[in-house]
Structures are given as structure tokens and as C-alpha cells.
Amino acid sequence: MSDTTNEEKMDLAPIETPFKRIWADFCQNKIALAALIVLLIIVCIALFAPWIAPTNPYDLASVSILDGKLPPGSESLSGVTYVLGTDGAGRGLLSSIFYGLRISLGVGVMSALVALVFGAIMGLAAAYYGGRVDTIIMRIVDIQLSFPAILVALILLAALGKGVDKIIIALVIVQWAYYARTVRASALVERSKEYVEAATCLALSDRRILLRHLLPNCLPPLIVIGTVQTAHAISLEATLSFLGVGLPITEPSLGLLISNGFEYMMSGKYWISFFPGIALLVTIVSINLVGDQLRDVLNPRLQK
Amino acid sequence: MSVFIIRRLMQAILVVWIMSLLVYVGVHIVGDPVDMLINPEADQAEIARVIRDLGLDRPLHEQYWYFLKNALQGDLGNSFIFNEPALKLVVQRIPATFELALAALGLAVVIGIPLGVYAGLKPDSKISQTIMASSILGFSLPTFWVGLMLIMFFSVMMGWLPSFGRGDTETIFGVEFSFLTWDGLTHLFLPALNLSLFKLSLVIRLARAGTREVVHQEYIKFARAKGLSQNRIIFVHLMKNIMIPVVTVLGLEFGGLIAFSVVTETVFSWPGMGKLIIDALHNLDRPLVVAYLMVIVVLFVFINLVVDVLYSILDPRVRLRDLKG
């Protein structure tokens, strides 16, 4: 990644770096900018959860079942005020959400990154080599994309079982096809351009042409798909965890927090499911808004 | 044409076979059903007998071969928990899931098209902007959480609608339906609304895009010049023309609704296929899990096959490209 940005900078440095231009364009949409700020705050919360959470929900010494199911804003027996209330076991919801964001974002970002790398390699290979390689890879992509993501994930998790590593594997397998298809489409366009011909004439190695010439030019659509798919991965993980086939209860992501509140909801204790859901919603919406704006900014056809 | 259909059919059978292998081997690596099914106080002889009865003592490839032979005759084994043929259990649940999916589809069309057409006719009004903003929200909201909030609001706080089950059902041709009784309808409404939310956003966007395109067409101008009433232009001339893309996309999305009903059925305890698979996964009921996955794989392969064949009839280029490739 750092190599490619350097290369781009060398080309355009005297006038205006692409990063500066993209940033200026991005800032024109106030909603997207606000979404980016919200997203950064969420990422910070996820990164620094153990230091900023008011209580540690998984420290058995400080959690008491007597504090269970307290409504938002109430004070516990030990004198701690729970802004968003507590869940059935007496864990503070605000702190649980902070820790949950950590797991949800971690799983989402990790699976999207691995899927991006794997899908991009497959897509590039399909476009560059063509012929049989292309046919086989794209046939697999077609077949996989003809099944809904949640179904593929369900089949995989039925086979793999529960666990952080397993859900990441399942999400990667569900998502790589989107990246492969996107990269192949833009690589096919790029491949027929003169600069690739020039590179081929210079007798550069396949690997060099693929990674240093084709890949950087396929990056914009890849980044857009990457953001949207990260949001998708987070939502899918929450859904699967809610269904009880995703993460084990030792890794309480937002989906599991919502699922825990389900049983208390019938007695009117809405907050246990409500607040983690809001956190999930804000995360997904802000990623989607940032992704939308990135799509507009990175699309060369929309630029004046 | 027939070459194309045969090739696609062979490919479909290949996909089903590979899936059966993956599903069977995969499901048999997870968990040990013996621990669950046998009385903890049973002695060694008893345990050995049950393992032999269930065929769990043979090597995996032998078990798979046995499974495949039976599967081709429509026998996917007996459920460990219900002690009934697994395939029968899954097939029994199909009508409930289809009813839910069709109701969701209906709601998406009935609510989505008027909103989308309105947003397309008056793109700058405040109401239209609100509609479009909420359709973005519809894409982002996690289905299961919306379901919980619907129960919270309509069932727990307001007490207007029931929150789980199918309610009273009416039997036609030996199949139970909820939408024929008032009680069943009240049970159907919330889950259908929940399931339709995503498609609703999609329909709004399609209807809006279609409307904005169609209003500038010559035939609308002509209808206006003829002095037809605004209502007639919208309901006859405009509606007919925006329905084509909407119907195509919804047809393709029906499979997605069936898949996503797993989530809605779990939230609302709707007794369809999705609820069955989640329960089976929790109970490690292997034959049932395998039967569900095989039914759904066959269903999807079939839907895709039909779509492919229809496309190749509508657009011969698809067929020719495939034959070359």
C-alpha cells in the first residue's frame, strides 16, 4: 500500500497530491464529513474501550447480580451510576457496548481486509491471465454470488462451528467474490491501456506489472467496495451472533448483547436490546455514508 | 438452446453434489450427537447399541455413501430429536416460510410503489426527501434488531399485535395458512413488515428512478396533451411502465427473502424452515441440518436455473457467450 501511494505522489507531487484533492472533494459533503467524524469517534471508543469505559463489565469482582436490570440513569447499591442501565447479570450497558464495539469492529474490519486482499489477487489473476484461469475463477464467483450471503454464512458456520476465527473465515468466504468481480472488471479495462503495453514491452515481470501497475489503478473501486463490505460484515456478524451460530458467549459483540436483551424485553426492559442496537446502527450508517461519498469522490466520471 | 439448457442442468447437478459433500462432511465434524441423545445413566452396552443403530460407528466416507444412496431415493435420514423423516419435517415447514416471504413481498410493493412514485413526481419536496432518507436507513438497519423493536413497540408497550407464532390457521388442500383468519393476519403482519423492510427500500428506489425516467417520455406528454386526468396518467400510463424493472428485480430477490426469513422467523418464533434450522443447529440434530441445507440448495439452484434459462430466451447473447466460453 505505501509503495503505491509513493508512486502516485511522484507523478503528481508538484501540482497537488491525489490525497489532498480527494480530501478536499470529500469535505464538500457536510453529512459525509459528520459521518466520518462519528466513525472516528467510534473507532477510538473501540480501540481504547478498557481505558474509557466507566466500569469493567467482565471483571467478576465488581459486577453484582443485585444490580441487574437497572433502568438507564439509575444508581446501583455500590453507588455507581449506570447511564444506560444494566443487563440481566448486572453489567453496565455503556461499558458493555464499548467492549462490544471492539469485537464487532475487529471482526468486521479483519474479515473485510482479508477478503479484500484475497479477492483482489483472484480478480487480478483472472483479468491478467484470462482464458481458463479466468473462466474457473469467475464461474466460482458466479455460483457463489447466486446464493444470498446469509445462507452461505449459515452453511459454513453449521460446518465450522462457533468462534472468532471461524466467523472471520466464513465472512471472508462470503465476501471475497464481490472484490474479485470488482477488481476483474476494472483490471480488464486497465489492461488494454498503453501503460500496461509499455510495461510489457519493457519486459517487466508479471508480478511487477500486476502489483505495481495494474493494482494501483484498480484501487478506487476497491476502496469503495471495501467500506461498504465492512459495514455489511459487521451487520452480518451481528445477525449470525444473534442467531446463536456466530461468536461464542465469551466474545460479547453487539449482536450478542442485543440477543441477551431479547428475553427481558417481554417484561418491558427495552434498554438491554435497544442501546446496543443503536450503537450498531450508528456504526453501520456512518460507514455507509462515508462509503457513498467516497464513491462519488473517487469516480472519475463525476469529476469536472 | 437445448445444448445451453443441458450444460446449465449439468452444472446445477454438479453444484448440488458438491454442496451435499461439503454440507455432509462439514456438519459431521461439529459436535457429538451421542452425548446429547443418550441418557447419561446409560451403560456401555446401551451406548454402543444406540451408536450402531444410528450408523455412527462407520467411517465417514461409508456414512456419506449410504447417505447419498438414500438421498437419491428421497430419504435424508431421521431427525435425532423428532424421530421422524428429516425431509418430511423440512417440507412441512415450507408453506409457512413461503407465506411469510410472499406477504413481505406484497407489503414491499403495496407500500413501496406509492412512496417511490410520489418521490419521483415531486423530487424536491420535503416529504420526498424524508422518504429517500428513510430508504437509506432501511438498507442499513439490521433486520433482527428492527424485529425486536417492532415487538417492543407494538406488542409489549402498545399491546396491539401478538409477537410470536402463527395464530389460528385455515387448512386448504392439507396446507395451513395464516392469512385466511383475522387472528392469523394479526400474527402475520409484524414478521412480514420486518422481513419486507429491506425490499421496501429497494422498491422505493426502483419506483422513484423509474418514475423520474418515465415522466419525461413522449407518451406521457402526449397523454397530457390529450387532456387526460392526472390520476389516469399516473395510474395507467406511468404505473404500467415502471412495473417492469420492479417485477424483474423482485422476482430475483424472492430467494433472498426466503434466506433472510431465518432471522425474522427466529425473532417472531414463526414456525417456518428458518426456525427449524436454527433449533436443529442448537440441538446438533445432524440429519435435520443436512436436510434443510439440501432443500434450500436445491431450491436456489432451481431458481437460478429458471432465471438463467429465461434470460437466455430474452437475450440470446448470454447463451452464445456461454457456449463460446
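Predicted model: local features only at pLDDT ≥ 70, side-chain atom pairs only at ≥ 80, totals over all residues.
Local features need pLDDT of at least 70 and side-chain atom pairs count only at pLDDT 80 or more, while totals for chains, interfaces and linings use all residues; side-chain values use heavy atoms, with hydrogens and water left out. Residues are numbered from 1 along each chain as its sequence is written, and chains are lettered from A in the order in which they are written.

Start with Ser104(A), which sits in helix α5 (residues 93–129) of chain A. Helices here are DSSP runs of H or I with at least four residues, numbered from the N terminus. Ser104(A) has a relative accessible area of 1% and is therefore buried, a word that means under 20% relative accessible area, with exposed meaning over 50% and partly exposed in between (1.4 Å probe, protein chains only). Leaving aside neighbours within four places in sequence, Ser104(A) is in contact (heavy atoms within 4.5 Å) with Ile234(A), Glu237(A), Ser253(A) and Leu254(A). The side chain of Ser104(A) reaches the backbone nitrogen of Leu254(A) at 3.2 Å. Gly255(A) is 151 residues from Ser104(A) in sequence, yet their C-alpha atoms are 8.1 Å apart in space.

Also in chain A is helix α7 (residues 149–160). Its twelve residues should span 16 Å at 1.5 Å a residue, and because the end C-alpha atoms are 16 Å apart, the two values agree. The expected span is 1.5 Å times one less than the number of residues. Ten of the twelve residues of α7(A) are buried, so the helix is mostly covered. Among the buried residues are Ala149(A), Ile150(A), Leu151(A) and Val152(A). Gly161(A) follows α7(A) and has a positive phi, near 90°.

In chain B, His187(B) belongs to helix α8 (residues 182–214). His187(B) counts as buried because its relative accessibility is 11%. Not counting residues up to four places away in sequence, His187(B) touches Pro162(B), Phe164(B), Gly165(B), Arg166(B), Gly167(B) and Trp270(B).

Leu14(B), Trp17(B), Ile18(B), Leu21(B), Leu22(B), Val25(B) and Leu60(B) make a nonpolar patch of about 590 Å². Helix α1 (residues 2–29) of chain B gives the largest share, six residues. One residue of that helix is Leu22(B), which is exposed because its relative accessible area is 53%. Patch residues have over 30% relative accessible area and no salt bridge, and nonpolar side chains (Val, Leu, Ile, Met, Phe, Trp, Tyr) are joined within 5 Å, like charges within 9 Å. A salt bridge is a side-chain nitrogen of Lys or Arg within 4 Å of a carboxyl oxygen of Asp or Glu.

Note on methods:
Helix = DSSP H or I, 4+ residues; strand = E, 2+ residues; numbered from the N terminus. Polar contact = N/O pair within 3.5 Å; in protein donor to acceptor, adjacent residues only side chain to side chain. Areas by Shrake-Rupley, 256 points an atom, 1.4 Å probe, with all protein chains shown as cover.
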